[in-house]
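Thank you all for coming. I would like to walk through one model this morning, going from the whole chain to a few individual residues.

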Amino acid sequence: MINLLYILLALVLLGVIVTVHEFGHYLVGRACGIGVIEFSVGMGPKLFGWERKGIKYSLRLLPLGGYCSFVGEDENSDNPHAMNNQPVWKRMLTVLAGPAVNLLLAVIVATGLIAGGVIVNPFEVDSQPVLLSVVENSAAAEAGLLPGDTIAAIDGEAISCDSAGMERAREIIGATPAGGTLTLTVKRGGETLDVTLSPRYSEEDGRTMIGVSFQSFYRSYDLNVFEAIPEAFKLTWRVVVETVKFLKNLLVGLFTGQGVQDGAVQGVVGIVSTVSDDMKVGFGTTFVDGLYSILYWLMIISMNLGIMNLLPLPALDGGRMLFLVIEGLRGKPFNREREGLVNLIGFALLIMLAIFITYKDIVALVH
């Protein structure tokens with residue numbers, strides 16, 4: 001029963017983020033004089049609704065988001081307030097409003113979390129060659145290495161106690177063939193020990209390893225609200241950059257036949273599972289920790305929804321923006337029915353992809 005409660009809470013969180021996205025479209029669309037047919041909170045069967053100034057408002061059964069439907073959005077209309085009759089710049093602002101509001105929401109939440117000292121900067125890391133953990137039955141475990149040991153040298157080469165030293169340690173270990181030997185000079189308390197071991201090849205990672213993980217220390221924020229605002233923008237921008245890098249690597253993997261690592265892409269099921277588990281841990285600690293968990297995932301998912309919707313793919317806001325840019329350059333609009341058909345096909349392909357990812361999520365949960 002408790003698990004179901006956290007799952008429902010995670011679903012509501014997703015629904016709030018998507019509804020905020022659609023509300024961005026709604027606000028800017030109305031400000032630009034574009035007619036709105038319906039604004040809905042939730043999806044599926046309608047629980048109840050009302051009409052005001054010609055606009056239908058509804059609350060629907062499934063808390064998975066919502067939608068905003070505009071007049072003349074995917075078809076030609078003679079209505080002067082129809083989207084198809086508005087200048088390109090007004091339509092661009094309306095389309096961009098959804099992702100922009102998601103990113104703005106993320107910045108606002110990030111500002112609060114940073115000022116509250118709840119989150120640290122994940123992009124400013126002080127990594128050291130200090131062992132965080134030692135894998136059971138690994139080469140490191142059999143050689144007697146322990147968590148907390150500091151690697152001071154490998155085969156006589158000094159290893160600096162910083163991120164550069166940690167990376168150098170990884171390079172030397174990875175360059176040693178399986179079956180070869182390494183002598184690690186290790187500091188443990190007040191002692192200095194020499195430990196000899198043989199790295200083993202990992203099929204999963206594609207390189208030789210000794211079976212340890214290193215500690216990483218993230219720089220904590222210690223800022224007031226006004227100081228936290230620029231840091232929140234920086235954090236959001238870095239997430240945008242890292243997401244673009246991830247998508248690039250994903251496409252490279254698909255086109256080169258390397259495939260996609262399991263768990264690298266998650267659908268609604270995977271996201272809800274991850275978020276609900278984290279909320280359970282948070283509320284299991286203190287009520288405040290649970291609230292922080294909600295706000296943290298609100299920030300992360302809102303960032304990613306804003307970024308993903310800017311991709312130039314049919315049915316996404318980025319795809320609509322691409323049509324508008326081309327229309328602006330050529331000086332005449334596309335056929336709305338054909339554009340709507342392209343978006344419909346794109347939407348169908350996205351649904352098929354979502355079903356496939358959901359299947360992978362369920363398989364991962366079962367196993």
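**Surface, fold and selected residues**

Let me begin with the surface: the chain exposes about 20,600 Å², and carbon and sulfur atoms supply 64% of that area, where accessible areas come from the Shrake-Rupley method with a 1.4 Å probe and, for residues, only the protein chains shown count as cover. Please keep in mind that this is a predicted model, in which local features need pLDDT of at least 70 and side-chain atom pairs count only at pLDDT 80 or more, while totals for chains, interfaces and linings use all residues. Residues are numbered from 1 along each chain as its sequence is written, and side-chain values use heavy atoms, with hydrogens and water left out.

As to the fold, the chain has nine helices and 10 strands, these being DSSP runs numbered from the N terminus, with helices as H or I of at least four residues and strands as E of at least two. Of the 367 residues in the chain, 38% are buried; buried means under 20% relative accessible area, exposed means over 50%, and partly exposed is in between, with a 1.4 Å probe and protein chains only. If we take contacts, meaning heavy atoms within 4.5 Å, between residues at least 6 apart in sequence, then 64% of them join residues at least 24 apart.

Now to the helix packing, where I would like you to look at helix 2, residues 88-115, and helix 8, residues 317-330, which pack at an angle of about 160 degrees with their axes 10 Å apart. The axes are lines fitted to C-alpha atoms, for helices over the stretch in contact, and the angles run from 0 to 180 degrees between N-to-C directions. Helix 2 and helix 8 are therefore roughly antiparallel to each other, since angles over 145 degrees count as roughly antiparallel, under 35 as roughly parallel, 65 to 115 as roughly perpendicular and the rest as oblique. On the helix 2 side the contact is made by Val88, Arg91, Met92, Val95, Leu96 and Pro99, and on the helix 8 side by Asp317, Arg320, Met321, Leu324, Val325 and Glu327.

Turning to the cysteines, how many disulfides does the structure hold? It holds zero, a disulfide being a pair of cysteine sulfur atoms within 2.5 Å. Cys68 counts as buried because its relative accessibility is 8%, whereas Cys161, at 44%, counts as partly exposed.

Two further buried positions deserve a moment. Gly282 lies in helix 6, residues 268-285, and is buried with a relative accessible area of 9%; leaving aside neighbours within four places in sequence, Gly282 is in contact with Asp289 and Gly290. The C-alpha atoms of Gly282 and Ile294, which are 12 residues apart along the chain, are separated by 8.8 Å. Ser202, found in strand 8, residues 200-202, is buried as well, at 16%, and with the corresponding neighbours left aside Ser202 is in contact with Arg207 and Met209.

Finally, some backbone geometry. Most residues other than glycine have a negative phi. Lys53, however, has a positive phi of about 50 degrees although it is not a glycine; Lys53 lies in the loop between strand 1 (36-52) and strand 2 (55-70) and counts as exposed at 68% relative accessibility. Asp155, also not a glycine, has a positive phi of about 50 degrees, sits in the loop between strand 4 (150-154) and strand 5 (157-158), and is partly exposed, with a relative accessible area of 47%.
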